[in-house]
Amino acid sequence: MAPKPSAVAKERLVVDEEEVLQAVVLADSFNKRFAPLTRHKPRCLLPICNAPLLDWTFESLALAGVQEIFVICRSHAELVKAAIKNSKWSKPSTGLKIVPIVTAKETFSPGDAMRDIYTHGIITSDFVLVTGDLVSNIRIDEVVRVHKERRKTNKDAIMTMVVKESGSHHRTRSKGGSAVFVLDPKTSECLYYEPVTGYPPKKYANIPREILVEHPEVDIRNDLIDCSIDVCSVEVPSLFQDNFDYGDIRRDFVHGVLTSDLLMKNIYCYIAKDGYAARVKDTKSYDSISKDILSRWTFPLVPDDNHPAGHSYEHRRGNKYIAADGPVTLSRTCKIGNQILIGSKSLIADNAQIVASVLGQRCVIGAGSVVRNSYLFDGVVVGPNCVIEYSIIGAGVQVKEASRVERGCLIADKVIIGPKARLEPFWKLLKKPQHNDDDDDDDDEEEADEDEDEDEADNEEEEVDDNDDEGESEEEEDSDYEEVEANQDLAALEKLGMESNAIIWPEPKVDEDEDIDEVEHPNNQRLMRIGDDASDLELSDPGSVTSSEADSESESDSEDDDRIGGPSPASSSTSLPLSTPSNLVAQADSAALSEFQHEVTQSLDRAFAEGHSVDNASVELKTLRMASNVPLRMVREAVVAGVVSRIKIIDGGGLPQRQEITAMISRWGGLIDKIGGVDAVETIEILQEYCASSDRLPLFGQILAALYQDDIVEEDDIRKWHKKPSAEGEGVKPPASQENFKKCWVVGAHMIKQFDEQESEEESGEDEAEDSEGEKNPGPVKATPQAGLEDDESEEEEEDEDEDYESEE
């Protein structure tokens, strides 16, 4: 008879069991931000960089060491279960156990899903809670370790939220929804949480006075990106069960727990210093995260290595990814820009342009067509001389010749538009329901019957009942689509082309008396959709954006080469003649340049926000420059603008202003010369151009002096720049800019005068030093020219101008 295990052995067995890391994935999005693309499939199965979002989530969890995953699904549950069964994650070799849990039809929010988790009783220890649209390479196992260590001393620590620092213009930072976190700086405990919507803008956070009384030191932060990764204790589902008003995990549960006088529970934040994590919450974040994947911020989860769908891609310079597991036909005269991914068996015809876009498998792009900042799913066929920009195109869509798809459009699967279709910005199209299509209905019924048979064999009767509920909810959804079809604008349908089979999904409308969630308000949703800068919202009161204001903003956007979107609906038919392929090429070239400028700006934003070293920042800038084959001056302009724009303007100037400038130049000034070449004269020219056209004009002299003191520019460089006619404003057309150039030139003259005076003083000082016993020669010590100081003894015209200018400082 085998001996009984000792106490130590028993404890080891318990520890081994606890080391199995569980995760709960909420597969439903509980909103319609991707409609009508989600008409026949859930958001978690939409592809991003040619792999379903759910697979990216599984890959992220597997990378973090998760071993058991429960997928909670309601909408299109059968598709989710089939996708899991047919994916690589169903193989034992992956080391993952994935269990789909189908919820009841009454599951309308994440809170309902958490209550269903409690009902099923599947959670027995601490677990990771994520959504089915997560892309991350953060080591979640480290967060779990920190959470469990904390719970050993504090059993009331029920949740740890993963957040990441970011700048205000970070690409994945949502403008439509952020939050204010009040943290204990020593323990990272979240003392208070307040959600913030983008529109209407919110200027104040209401922090309870008790928090400030009990905690003499707090961090109030609005610079944190919520990664939507939580490590939860086993108590969390039961808290949802006890509080049926908890619907949203952040706005209801976290806010409710932290403001409750009864629960007495603690929630903490884990501020991730390394790694990438973002959630595809809307079409704008879909665009941002796609570009981050192509830019390799998600490494090792990149298309050419560890692609979640198992595809194989060749990574080329400029972050171009071309399928390596199937033929891709590229015409010799087509142009492939940077930041693109092309799936296997795709064809790009003569003079076609692909810029900053993703093409699925078996896509065809016709001759002379342009695809810019757009995402085409599998099997999309684009005819000749078409334009598609800032849009998402579903699988099997046909865009016939001479059609134009404006920014922000969403086109559902199997839609046909054209020829000569003209889609206005932000239109949403879906295929007209085929009421007489008995064959398709029969096929769907057969597939549903097969799935139900499998469920009866594998699952309990409760799940079968839930499947019936799912069918009922889909029938209700069908009635909504029938209502949409019955209320179509015939004039708008004519713009879809003679061969179109599509109908237009209506924009959401809100009655003034209707009580609606601020996050889901149409104006706030504009901040979350692809291709919409929503610039007019800042100029109008909530809910009062007029058509004339929107048109004027659209017209100004069309004149701006760096615009995010495209022309207004009124000018869409004349801004770019579709019959002239050369114009398409020129516009694509301009778009490629704009995309490069955007990427450089994003790179600098990350470097500044995350505190990269100068060497690491310069490596990425060099890579972008070589990939785009642009002049070095363009990169230098971006670096100078990025550094100077971050110098704070101190009220009153003086010593604090000089200290601010010195600190910034000392930290980042070296980047100017590490981007591929040294040209100090050009650096001064760029500094002059930037200051002359911005509010940093009064700081020109002090910044130039700081560059001189840090050996980024030398005295000879300043003299060479000053002798150039362009330095004095020659050839600068706007009179205001010419005057500002002149002011910078006068400051330069003042500095050169000081150089001359210093040289004469040094010469006389050397003579005196030879005669003075014990006096030390200052030698090579560099003296800083006092640019920006007034010269009271000056009487000449130039110095009078200098005096006036410096007094403005």
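Mentor: I'll start with the cavities, then move on to the sheet, a helix and the backbone. Bear in mind that this is a predicted model, where local features need pLDDT of at least 70 and side-chain atom pairs count only at pLDDT 80 or more, while totals for chains, interfaces and linings use all residues. Numbering runs from 1 along each chain as its sequence is written, and side-chain values use heavy atoms, with hydrogens and water left out.

The whole-structure search turns up two cavities of 30 Å³ or more. A cavity here is a set of points on a 1 Å grid over the protein atoms alone where a 1.4 Å probe fits but cannot get out, and lining residues have an atom within 4 Å of a point. Volume is the space filled by probe spheres set on the points, which are joined across faces, edges and corners.

The largest cavity holds about 50 Å³. Its lining is made of Val640, Val643, Val644, Ile665, Ile672, Thr683, Leu687, Ile703 and Leu707. By class that is eight nonpolar, one polar and no charged (Ala, Val, Leu, Ile, Met, Phe, Trp, Tyr, Cys and Pro count as nonpolar, Asp, Glu, Lys and Arg as charged, the others, Gly among them, as polar). Helices (H or I, at least four residues) and strands (E, at least two) are DSSP runs numbered from the N terminus.

The second largest cavity comes in at about 40 Å³. Around it sit Leu26, Ala27, Asp28, Ser29, Arg43, Cys44, Thr131, Gly132, Asp133 and Arg279, which split into three nonpolar, three polar and four charged.

On to the sheet: six strands form an open one in the order β18-β21-β24-β27-β30-β33, with parallel pairing. β18 (335-336) and β33 are at the edges with a single partner strand each, so one side of each has no neighbour in the sheet.

In helix α8 (249-259), Ile249, Arg250, Phe253, Val254, Gly256, Val257 and Leu258 are buried (buried means under 20% relative accessible area, exposed over 50%, partly exposed in between, with a 1.4 Å probe and protein chains only). At the start of α8, a side-chain oxygen of aspartate 248 comes to within 2.9 Å of the backbone nitrogen of arginine 250.

Last, the backbone. Most residues other than glycine have a negative phi, and most peptide bonds are trans. Against that, tyrosine 199 and proline 200 are joined by a cis bond with omega about 0 degrees, in the loop between β10 (189-197) and α6 (209-214) where proline 200 lies. The bond from glycine 418 to proline 419 is cis too, with omega near 0 degrees, and proline 419 lies in the loop between β32 (416-417) and β33 (422-423).

As for phi, arginine 296 has a positive value near 75 degrees in the loop between α9 (283-294) and β15 (313-316), and is partly exposed at 23% relative accessible area. Asparagine 385 also has a positive phi, about 55 degrees; it lies in the loop between β26 (381-382) and β27 (387-389) and is partly exposed at 23%.

Conventions: 1 Å grid on protein atoms, 1.4 Å probe; cavity = no way out; pocket = protein on both sides within 12 Å on 5 of 7 lines; lining within 4 Å. Pairing = 2+ DSSP bridges. Polar contact = N/O pair within 3.5 Å; in protein donor to acceptor, adjacent residues only side chain to side chain.
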